[in-house]
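Please have a look at the structure below. A short report on selected parts of it comes after.

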Amino acid sequence: MMIKGTSLVMGDNVNTDVLHPSRFFSLESNKVRAGFLQAASGYEQIGNSDLSGKIILAGDNFGCGSSRETGARAFLLAGIRAVVARSMARIFSRNVRNLGLPAVECPALSDSPPDGSELEIDLGRWRLIIPATNQVLPLTRLDPFWEAVIKAGGLMPFLGFKDG
Amino acid sequence: MTQQTLTEKILLSKATEPILPGSEYYRVPVDLVLGHDATIALLVERFKKIGRKVWNPERCFFAADHFAPPSTPERADILNCYLGFVTEQSVPQDLLYRGISHQLMVEDQRCQPGMIICGADSHTVMAGALGCFATGMGSTDILALLLTGEVILSIPESIRIDLTGKLPSWLFGKDLALEIIRLIGEGGALDQALEYHDLTESGLPMESRFTISNMSVEAGATNGVFVPDQVLKRYLHERDGRAAKIASRIDGFDSVWLYPDEGANYTRRLSINVEEVPPLVALPGGLSQIVAVSEIEPVGVQQVFVGSCAGGRVEDLAITARLLKNRRVAPGVKLVITPASQRVYYECLQNGIFQVLAGAGALITNSSCGACGGIDKGLIGSGEVCVSTSNRNFRGRMGSPDGLIYLASPLTAAAAAVTGRLTDPRPLMEEAGIRDFHSTPWPKQASSLGGQR
């Protein structure tokens, strides 16, 4: 499976409260979408823009904090195609994968390329390709369970339940 | 079989085989599922479309704590959506409006050592203080759990933390939680378990242990479990004796006393002498900058928040009251007190803690999550400085993204309420003549809480 997109670069320890502040907690999709990145300093405008086809490139401990799944849903509603981080908080990575969004770790990720760089994620050979900087970085292979969940489009379809 | 950590022992006693060939994930049957009005409401529509019933309503430990009571019409609708689900699925309603779900869990006879507890909230880890495997998850995981009674988990490796020495009167569970995160790093325990061995002289009070287990997730840990001991036994004896009234209802909620094996494998071992830990503070913006309070320039404070599942227990309110006795909250400071549960509320009402706090000018709210998650009753504005006994100080967590949150112990927070500045609380404690706080947090009164569930 190949995923192509352009980068949106974020730092270390980016927590769920800045990714999606609690004042946007809602059952309404529009409001959940509107909250994306709204407490992340310097990202508020970006959060409101068209983000379809973006791949998040982040540092360590991405998504630490709350279990509120509105945060993970906002990634999907914003059109984010995948998340790549040096390391990811456990609840967050579960949440996004459970909704069918590929989230993978790339421990070798150091200097991220500029925002908007073309990226390719190769989930067959487990590598991240950054043409702009001529980099090919290894990705941590996902457990077969998570591979199957993402392939199925989320946890519920993996378990054989109709969802949505 | 090889030697096991406590987390391995609990999980592998119930998990059988990997979910897929070559996978490290197992189907794990769950003893209790914690839920509350906010995160369960997120799954109600999806649940209804699937058209099934909850696998076992008696195993649902559902509170109403986030929007309790609601502060906006939208939150009232979210709460009502949740309450409709609770009724429809015949889930027990005895916990609604009783306080913060995590606090209710450790107060409740349904929660017993050795259990596997999953909850729709990251601070579900707090029940690890009772020798449980307890972990938080998002709504989709909980949706699947409510349908099947199982979650799919990998078995985390463990970091062992030994706590030694004699607990000083001025040191609290919050200081120790911060010290552990300072040593491990924010996210330093990602996908691992923290296994706490309390080797201190008289054993840490359970209330301090709750705070330490609670904040395990701030280090990135999957769970944070205390090895069961005499302190836990005494706590359960007192707790379950009191709640005997409902004993007939809860057959099947049995304790299993499990311990790690000698020679179990740990990824890392740490030992902390509690006598060497000063009062600590987490600087605003995350848990990556933790320093001794005495090392920072005094900061002017506009709000002090004593509340949350990490800092709203009787111990926290008692030290606040003892420091404020015969004093007033400093001019320019609002002190917001949010008890973690109605039991805490009732006890403070009975034993005189509320009288002292109210007399000193504190604002006492009903038990709920309140300001901690930026919900209501004490949100901060732009430029405002808040010292909080809660567990998170992320940007915007308690209101304006331009407000500043310092996390500290209830003693440090109370001292800030007295002086209007964030400073080392020890001189003030000495001045107040408080010497042996942990053995007698508050003079006992001849009151019984029997029947106050």
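## Helix α6 of chain A

This is a predicted model. Helix α6 of chain A spans residues 144–152. Its buried residues are A:Phe145, A:Trp146, A:Val149 and A:Ile150. These four sit on the same side of α6(A), because they cover an arc of only 130° around the axis.

Just after α6(A) comes A:Gly153, with a positive phi of about 95°.

## Contact between chains A and B

Chain B puts 46 residues into the contact, and chain A puts in 41 residues. On the side of chain B that touches chain A, four helices each supply at least two residues: α2 (37–41), α3 (44–50), α4 (73–88) and α6 (139–148). The largest share, six residues, comes from α6(B).

By residue type, this side of chain B holds 19 nonpolar, 16 polar and eleven charged residues.

## Domains of chain B

Chain B is divided into three parts: domain 1 (10–155), domain 2 (156–247 + 264–277) and domain 3 (299–431). The C-alpha centres of domain 1 and domain 3 of chain B are 29 Å apart.

These two domains of chain B are in contact, with 14 residues from domain 1 and twelve residues from domain 3. The side of domain 1 that touches domain 3 in chain B has five nonpolar, six polar and three charged residues.

Notes: Residues are numbered from 1 along each chain as its sequence is written. Chains are lettered from A and ligands numbered from 1 in the order in which they are written. This is a predicted model: local features need pLDDT of at least 70, side-chain atom pairs count only at pLDDT 80 or more; totals for chains, interfaces and linings use all residues. A residue is buried if 20 or more other C-beta atoms lie within 10 Å of its own, exposed if 12 or fewer, and partly exposed in between; C-beta atoms are placed from the backbone. The arc is that of the directions from the helix axis to the C-beta atoms. Two residues are in contact if their C-beta atoms, placed from the backbone, lie within 7 Å. Ala, Val, Leu, Ile, Met, Phe, Trp, Tyr, Cys and Pro count as nonpolar, Asp, Glu, Lys and Arg as charged, and the others, Gly among them, as polar. Domain bounds come from an automatic or database domain assignment.
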